[in-house]
Amino acid sequence: MSSAPRSPTSSTAPTSRSAPTARERGSRQIAFFATLALAVVCLAWELWLAPTGRGTLAIKALPLLLPLPGLWRYRMYTYRWVSLMIWLYMTEGLVRGTSEGGFGMALAWVEVVLSLTIFVACAAQIRQRLAEARRADAEATQVGSSKDAG
């Protein structure tokens, strides 16, 4: 069975590679380490540095630990959902950065910067990998068409 080749403008699935290219490695490491740093900041913020209440808000760091294995293992699905989930942390940082005072406000702005860094790194990773998939798809289409012609 032969499937019709996809057009270059169609949505392409990521390649099945298991290791990043040199271009992708940077955005992967930034996404991973910024997510880890945000989890540490959230824990330290709510438990020691400027706790709110009894420190129960420290539980907000747990969802940040879940994507770490997927980010490190280069899972496209993880980059996609982290780029959406991180907006919750961005929103919290913006709200607390504009409503709190003192050290809590500074920590909130650190949360905003780290959240934005994570989003940009995940978006870059997704774009790089989809571009690589399109490039591989175009090469496969060219090879397939040259075999058909010959």
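Student: Before anything else, within what distance must ring centres lie to pair?
Tutor: Rings of Phe, Tyr and Trp, the last taken as its six-membered ring, pair if their centres lie within 6.5 Å. In this predicted model, Phe32, Phe33 and Trp72 form one aromatic cluster.

Student: How many aromatic pairs are there in the whole structure?
Tutor: A search of the whole structure gives 4 aromatic pairs. For Phe32 and Phe33, the ring centres are 5.1 Å apart and the planes stand at 85°, so this pair is edge-to-face.

Student: Switching to charges, which residue lies over the face of Trp45?
Tutor: That is Lys60, which lies at 4.0 Å from the ring centre of Trp45. There is also Arg129, placed over the face of Tyr74 at 3.8 Å from the ring centre.

Student: OK, zooming out, how many helices and strands does the protein have?
Tutor: The protein has 5 helices and 0 strands, so that, read from the N terminus, its elements run α-α-α-α-α. Of its 150 residues, 38% count as buried, and the accessible surface comes to about 8900 Å², with 66% of that belonging to carbon and sulfur atoms.

Student: Where does Thr78 lie, and what does it touch?
Tutor: Thr78 lies in helix α4, which spans residues 76-99, and, leaving aside residues up to four places away in sequence, Thr78 touches Pro67, Gly70 and Leu71. Its relative accessible area is 8%, so Thr78 is buried.

Student: Last topic, where is confidence lowest and highest among the helices?
Tutor: Confidence is lowest in helix α5, residues 103-149, at a mean of 90, and highest in α4, at 97. Over residues 1-12, however, the pLDDT is below 50, and this stretch has 10 contacts in the model beyond near neighbours in sequence. The protein as a whole averages a pLDDT of 87, and 85% of the residues score at least 70.

Definitions and conventions: Residues are numbered from 1 along each chain as its sequence is written. This is a predicted model: local features need pLDDT of at least 70, side-chain atom pairs count only at pLDDT 80 or more; totals for chains, interfaces and linings use all residues. Side-chain values use heavy atoms; hydrogens and water are left out. Helices (H or I, at least four residues) and strands (E, at least two) are DSSP runs, numbered from the N terminus. Buried means under 20% relative accessible area, exposed over 50%, partly exposed in between (1.4 Å probe, protein chains only). Accessible areas come from the Shrake-Rupley method with a 1.4 Å probe; for residues, only the protein chains shown count as cover. Contact means heavy atoms within 4.5 Å. Rings of Phe, Tyr and Trp (its six-membered ring) pair if their centres lie within 6.5 Å; planes under 30 degrees apart count as stacked, over 60 as edge-to-face and the rest as tilted. A charge sits over a ring if NZ of Lys or CZ of Arg is within 6 Å of the ring centre and within 35 degrees of the ring normal. pLDDT is the predictor's confidence in each residue, from 0 to 100.
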